[in-house]
Amino acid sequence: MSTTDRLARLSEAGVSIWLDDLSRERLSTGNLAALIRDKHVVGVTTNPTIFANALSHGEAYDAQVKELADRGADLDGVVRELTTTDVRNAADLFRETYNATNGVDGRVSIEVDPRLARDTDRTIAEAKDLWKAVDRPNLMVKIPATDEGLPAITAGLAEGISINVTLIFSVERYAQVIEAFFAGLEQAKANGHDLKGIHSVASFFVSRVDTEVDKRLNKLGTDEAKALLGEAAIANTHLAYAKFEELFASDRWKALAAAGANAQRPLWASTGVKDPAYSDTRYVDQLVVRDVVNTMPEKTMDAVADHAELTGDTVTGRGEAAQAVFDKLSAAGIDVPDVFVTLETEGVEKFEKSWQELLETVTGQLNKAKG
């Protein structure tokens, strides 16, 4: 089977393939355009780590940094201009996909400043600012699913902003995200917005769950614990999809759908495999189901194209078996709620650290530009 065939089959199975990366170099060299053309890529996600990495390599941003320095822009202003320029240009590249899919795909996501993850009001303000700054209908603003982020998600949707909810780890938190989504659309309708124009995805993080749970299982060291290695992440996503099916069959959702609303699609994030003991395509070929997004690093995309074993829907109807996995994890001594609290806390901290690295990189570039 050829490279294109596997990715084509994944796409035909109802999985939207998004690239989990963006840089000025990808845009200027035509690499992203080639992925759209040849690899069935229909969207892009970014995050603070991706931007920190992009700006620390090469000289692609030097000319714009110098121009902004000459204009007297401050550090935060420069970072905003650099990142929104990339996102705006990527959005333009995906405009044809956006039009062809009636706004479902062709999406480019940009995250609010991660330092605001625990501040509802400032997150709302930042989401509005990013929406205006990028000024493209195929943008999605990423808001983390922290306790403080949930009301910001509702508020953003109520303003007609398309939202990518990020850093979701537990099914319990995912249910709260769907509640925030429903409330946001209800408010948007009351505010006079056309619900057809508002889109959202809920980014459920995958590989990090196995990383954390496996670490704890290895520490326990029992045969019972070792038998559960590598089981948690996929079971967690199967439970999430069962929750998606349950809540999007509700009368509340049916009323919104009748008013033109688009369902909030599950998005599988963090799908690069971190443990070499596991198949490098497991978080793609074991998570195939219609009407979801899988956002993957290019390395994972290439692995899928080369040797993924695609066997149709590998998610629907697996909720009961997935729950059994978590029952066994609890019985083996894993504090499951603590796993998810730890992952959310670490997720926010990692993005804050990346943002700090980004600020330091741009500070150095500004100093260089100023001579």
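The structure is a predicted model, in which local features need pLDDT of at least 70 and side-chain atom pairs count only at pLDDT 80 or more, whereas totals for chains, interfaces and linings use all residues. Residues are numbered from 1 along each chain as its sequence is written, and side-chain values use heavy atoms, leaving out hydrogens and water.

Because five of the five residues of strand 1 (residues 15-19) are buried, this strand is largely enclosed by the rest of the structure. Strands here are DSSP runs of E with at least two residues, and helices are runs of H or I with at least four, both numbered from the N terminus. Strand 1 runs parallel to strand 8 (residues 292-296), joined by five bridges, with I17 opposite N294. Strand 1 also pairs in the parallel sense with strand 2 (residues 41-44), over three bridges; there, L19 has V44 as its bridge partner. Two strands count as paired if DSSP finds at least two bridges between them.

Strand 3 (residues 107-111) runs parallel to strand 4 (residues 139-144) through four bridges, and V108 stands opposite L139.

S109 also lies in strand 3 and counts as buried because its relative accessibility is 0%. Its side chain makes a polar contact of 3.1 Å with that of N164 (a pair of N or O atoms within 3.5 Å, one able to donate a hydrogen and the other to accept it; residues adjacent in sequence count only if both atoms are side-chain atoms). Leaving aside residues up to four places away in sequence, S109 touches V44, T45, T46, V87, M140, K142 and N164, with contact meaning heavy atoms within 4.5 Å.

The largest pocket holds about 480 Å³ of space, a volume filled by probe spheres set on grid points joined across faces, edges and corners. Of its 23 lining residues, D20, N47, T49, R208 and K274 are the closest to the centre. A pocket is an open set of points on a 1 Å grid over the protein atoms alone, where a 1.4 Å probe fits, with protein on both sides within 12 Å along at least five of seven lines; lining residues have an atom within 4 Å of a point. Helix 4 gives the most to this lining, with three residues.

Technical notes:
Buried means under 20% relative accessible area, exposed over 50%, partly exposed in between (1.4 Å probe, protein chains only).
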